Amino acid sequence: MPRFSLTLLRYQLGYQLRYYQHCRRSRRHLLTLDDRLLEDIGISREQAHSEGRKPFWKHSSVNRGPYENR
């Protein structure tokens, strides 16, 4: 039977909370970009709005670049 590690659990929870904060912050920022900046990153206003309104725990549907980890 594997051992239960509180340290590992605390690390995983901290990582998950930071990831959720990052998602929330970046999606809120996406809503503030103007059309020129949205065109630069290759998404439309509608895509930005639908992505920006997602709850922070939902994964992104926007295609990522070849060098991004997630």
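A contact is taken here as heavy atoms within 4.5 Å. In this predicted model, 38% of the contacts between residues at least 6 apart in sequence join residues at least 24 apart.

The chain holds 3 helices and 0 strands. Its pattern along the sequence is α-α-α. Of its 70 residues, 16% count as buried. The accessible surface of the chain comes to about 6500 Å². Carbon and sulfur atoms account for 55% of that surface.

In soluble globular proteins, nonpolar side chains tend to be buried together. In this chain, the largest nonpolar core has 5 residues in all. Its members are Leu30, Leu33, Leu38, Ile43 and Ala48. The contacts of Leu38 were examined with residues up to four places away in sequence left out.

Aromatic rings were examined next. Pairing requires ring centres within 6.5 Å. By this rule the count comes to 1 aromatic pair. The partners are Tyr19 and Tyr20, with ring centres 6.4 Å apart. Their planes stand at 45°, so the pair is tilted. The two residues fall into separate burial classes, the limit for buried being under 20% relative accessible area. Tyr19 has a relative accessibility of 18% and therefore counts as buried. Tyr20, with a relative accessible area of 24%, is partly exposed.

Note on methods:
Residues are numbered from 1 along each chain as its sequence is written. This is a predicted model: local features need pLDDT of at least 70, side-chain atom pairs count only at pLDDT 80 or more; totals for chains, interfaces and linings use all residues. Side-chain values use heavy atoms; hydrogens and water are left out. Rings of Phe, Tyr and Trp (its six-membered ring) pair if their centres lie within 6.5 Å; planes under 30 degrees apart count as stacked, over 60 as edge-to-face and the rest as tilted. Buried means under 20% relative accessible area, exposed over 50%, partly exposed in between (1.4 Å probe, protein chains only). Helices (H or I, at least four residues) and strands (E, at least two) are DSSP runs, numbered from the N terminus. Accessible areas come from the Shrake-Rupley method with a 1.4 Å probe; for residues, only the protein chains shown count as cover. A nonpolar core is a set of buried Ala, Val, Leu, Ile, Met, Phe, Trp, Tyr and Cys residues joined through side-chain atoms within 4.5 Å.
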